[in-house]
Amino acid sequence: YYRYDYPRRRRAAAALGALVQTSLQANPQQAQDLYAKFAASLDPEAAATADNKGVARSVAATLTENDPQQAIVWAGSLPPGGAQNEAYAGIAEKWAGYDPATASEWVGSLPAGEGRDLAADKLVASIARDDPDSAWAWATSIGDAAKRREAAARVLQAWKGYGKIDQARTALAAAGFSADDVKELSRKLE
């Protein structure tokens, strides 16, 4: 019986997740309530899935369009972990698109950890083309080594696009990356 219950629960959770996504534009408050029901229906394994995290990111991003503070409060009400981290990323991604300075202040207020790293990565992705200097500071502040390298690579490419290869090389040399990382990232400037 248990083997057959899991797929049914997973389908039900996926359907509720789709309902949350659909209601976002029409009624953000209802979407928050539906997400609470959706999240409560998940077992720990399902809560860790990309589907759940994606729904949390979408809710947060949509709330941010209308009221970033409401989105912050909502994301803060989520249990620490994957969904909350993705909600932080959704807020940063959406907010940086129309108010990067305030989004930067907010990301700077987040405690170190995966949520801040994901939010900083989204901030870097949003601002690298227009403000590579600030994006570099954010990229090198990311705690997770792999995410830091990926974010740094985006900024190096932005600097390259502006013809600021010497500045990029100087920043890369001073950033504290390992010799292997510096070698790999230097290829982005060729």
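Visitor: Which residues do ring pairs link into a cluster?

Guide: Welcome! The model you are looking at is predicted. A search of the whole structure finds four aromatic pairs. Ring pairs join three residues into a cluster: Tyr88, Trp95 and Trp106.

Visitor: How are the rings of Tyr88 and Trp106 arranged, stacked or edge-to-face?

Guide: The ring centres of Tyr88 and Trp106 are 5.7 Å apart, and their planes meet at 75°. Planes over 60 degrees apart count as edge-to-face. The pair of Tyr88 and Trp106 is therefore edge-to-face.

Visitor: How many residues apart in sequence are the parts that this pair ties together?

Guide: Tyr88 belongs to helix α6, while Trp106 belongs to helix α7. Both Tyr88 and Trp106 are buried.

Visitor: How many residues does the largest nonpolar core have?

Guide: Among the residues with the most contacts inside this core are Trp74, Ile91, Trp106 and Trp136. Helices α4 (50–66), α5 (68–77), α6, α7, α8, α9, α10 and α11 each supply at least two of its residues. The size of this largest nonpolar core is 45 residues.

Visitor: On which side of α9 do its buried residues lie, the same or opposite ones?

Guide: Helix α9 covers residues 132–139, and its buried residues are Pro132, Ala135, Trp136, Trp138 and Ala139. Around the axis they cover an arc of only 165°. That is why they lie on the same side of α9.

Visitor: Which helices do the buried residues of α9 pack against?

Guide: Let's start with one of those residues, Trp136, leaving aside its neighbours within four places in sequence. Trp136 is in contact with Ala152, Val155, Leu156, Trp159, Ala171, Leu172, Ala175 and Phe177. Taken together, the buried residues of α9 pack against α7 (100–109), α8 (114–127), α10 (145–161) and α11 (165–174).

Visitor: Is Glu86 buried or exposed?

Guide: You will find Glu86 in helix α6, residues 82–98. Its relative accessibility is 15%, and the cut-off for buried is under 20%. Glu86 therefore counts as buried.

Visitor: Which residues does Glu86 touch, not counting residues up to four places away in sequence?

Guide: One partner is joined to Glu86 by a salt bridge, namely Arg57, with the closest N and O atoms 2.4 Å apart. That pair links distant parts of the chain, since Glu86 is in helix α6 and Arg57 in helix α4, 29 residues apart. Not counting residues up to four places away in sequence, Glu86 touches Lys53, Arg57 and Leu118.

Visitor: Which residues are linked with Arg57 in a network of salt bridges?

Guide: Arg57 forms a salt bridge with Glu86, and Arg57 also forms one with Glu93, where the closest N and O atoms are 3.7 Å apart. Glu93 lies in helix α6 and Arg57 in helix α4, 36 residues apart. At 19% relative accessibility Arg57 counts as buried, while Glu93, at 36%, counts as partly exposed. The residues linked with Arg57 in the network are Glu86 and Glu93.

Visitor: Which residue meets Arg149 in a salt bridge?

Guide: The N to O distance in this salt bridge is 3.4 Å. It links distant parts of the chain, from Arg149 in helix α10 to a partner in helix α12 (residues 179–186), 32 residues apart.

Visitor: Over the ring of which residue does the charged end of Lys164 sit?

Guide: Here a charge and a ring come together. The charged end of Lys164 is 6.0 Å from the centre of the ring. The ring belongs to Tyr162.

Visitor: How far apart in space are Thr140 and Ala151, C-alpha to C-alpha?

Guide: Thr140 is in the loop between α9 and α10, and at 28% relative accessibility Thr140 counts as partly exposed. Leaving aside neighbours within four places in sequence, Thr140 is in contact with Arg148, Ala175 and Phe177. In sequence, Thr140 and Ala151 are eleven residues apart. Their C-alpha to C-alpha distance in space is 7.9 Å.

Key. Residues are numbered from 1 along each chain as its sequence is written. This is a predicted model: local features need pLDDT of at least 70, side-chain atom pairs count only at pLDDT 80 or more; totals for chains, interfaces and linings use all residues. Side-chain values use heavy atoms; hydrogens and water are left out. Buried means under 20% relative accessible area, exposed over 50%, partly exposed in between (1.4 Å probe, protein chains only). Helices (H or I, at least four residues) and strands (E, at least two) are DSSP runs, numbered from the N terminus. The arc is that of the directions from the helix axis to the C-beta atoms. Contact means heavy atoms within 4.5 Å. A nonpolar core is a set of buried Ala, Val, Leu, Ile, Met, Phe, Trp, Tyr and Cys residues joined through side-chain atoms within 4.5 Å. Rings of Phe, Tyr and Trp (its six-membered ring) pair if their centres lie within 6.5 Å; planes under 30 degrees apart count as stacked, over 60 as edge-to-face and the rest as tilted. A charge sits over a ring if NZ of Lys or CZ of Arg is within 6 Å of the ring centre and within 35 degrees of the ring normal. A salt bridge is a side-chain nitrogen of Lys or Arg within 4 Å of a carboxyl oxygen of Asp or Glu.
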